[in-house]
Amino acid sequence: MKNLSNMMKQAQQMQEKMQEMQERLAQEEITGSSGGGMVQVTITGKGQTSKVSIDPSLIDPNEPGVLEDLIAAANNDARQKLDEYTQQQMSELTGGMDLPAGFKLPGM
């Protein structure tokens, strides 16, 4: 019975730590870039775009597809960086314990 009590305490502590981590992640901003840094997209820890920066030399009304592709690539770069950062934070939280593939934090 003592083991069960300890397990319950550990589970509660883990839940509290995960909540704290989610709150920290929500405050983070991650920037992705493309075109050698000429396009930058900043997203929050919740994956919401908060800023887009475009070098004016890229703005050509005759070739909107180039700019569209660079924005998409910068956004994808930011999402990948966010995923890597989140995995790093989870690894630190769980002490390196492997989690199932595709594991997502609640609310993320």
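A residue counts as buried here when its relative accessible area is under 20%, as exposed when that area is over 50%, and as partly exposed in between (1.4 Å probe, protein chains only). Of the 108 residues of this protein, 23% count as buried. The model is a predicted one, with local features needing a pLDDT of at least 70 and side-chain atom pairs counting only at pLDDT 80 or more, while totals for chains, interfaces and linings use all residues. Residues are numbered from 1 along each chain as its sequence is written, and side-chain values use heavy atoms, with hydrogens and water left out.

**Confidence and layout**

pLDDT is its confidence in each residue, from 0 to 100. The protein averages 86 on that scale, and 87% of the residues score at least 70. Confidence is lowest in helix 1 (residues 2–27), with a mean of 84, and highest in strand 2 (residues 39–44), at 97. Where pLDDT is low, the predicted coordinates should not be read in detail.

There are two helices and three strands, running α-β-β-β-α from the N terminus on. These elements are DSSP runs numbered from the N terminus: helices are H or I with at least four residues, strands are E with at least two. As for contacts (heavy atoms within 4.5 Å), 52% of those between residues at least 6 apart in sequence join residues at least 24 apart.

**The strands**

Strand 2 and strand 3 (49–54) pair in the antiparallel sense over five bridges; two strands pair if DSSP finds at least two bridges between them. Across that pairing, Thr42 stands opposite Lys51 in strand 3. The hairpin has four residues between its strands, and Gly47 takes a positive phi near 85 degrees there.

**Helix 2**

Now for helix 2 (residues 64–94). The expected span of a helix is 1.5 Å times one less than its number of residues. For the 31 residues of helix 2 that comes to 45 Å, and the end C-alpha atoms are 45 Å apart, so the two agree. Just after helix 2, Gly95 takes a positive phi of about 70 degrees.

Which parts of the protein do the buried residues of helix 2 pack against? They meet helix 1, strand 1 (29–34), strand 2 and strand 3. The buried set itself is Leu67, Leu70, Ala74, Ala78, Leu82, Thr86, Gln89, Met90, Leu93 and Thr94.

| Residue | Relative accessibility |
|---|---|
| Leu70 | 17% |
| Gln89 | 12% |
| Met90 | 7% |

Leaving aside neighbours within four places in sequence, Leu70 is in contact with Ser34, Gly35, Val39 and Leu58. Leu70 and Leu58 sit twelve residues apart along the chain, and their C-alpha atoms are separated by 9.5 Å.

Gln89 has other partners. With neighbours within four places again left out, Gln89 contacts Met21, Arg24 and Leu25. Met21 also comes up with Met90: these two are 69 residues apart along the chain, yet their C-alpha atoms are separated by 8.2 Å.

Lys81 and Asp77 are separated by about one helical turn because they are four residues apart in helix 2. Is Lys81 buried, exposed or partly exposed? At 34% relative accessibility, Lys81 counts as partly exposed.

**The cores**

A nonpolar core is a set of buried Ala, Val, Leu, Ile, Met, Phe, Trp, Tyr and Cys residues joined through side-chain atoms within 4.5 Å. The largest one has ten residues: Ile30, Val39, Val41, Ile43, Leu58, Leu67, Leu70, Ala74, Ala78 and Leu82. Strand 2 and helix 2 are the elements that give two or more residues to this core. Which of them gives the most? That would be helix 2, with five residues. Apart from this core lies another, of five residues, including Met18, Met21, Leu25 and Leu93.

Back in the ten-residue core, Ile30 is worth a look. Not counting residues up to four places away in sequence, Ile30 touches Val41, Thr42, Ile43, Ala78, Lys81, Leu82 and Tyr85.

How values were computed. pLDDT = per-residue confidence, 0-100.
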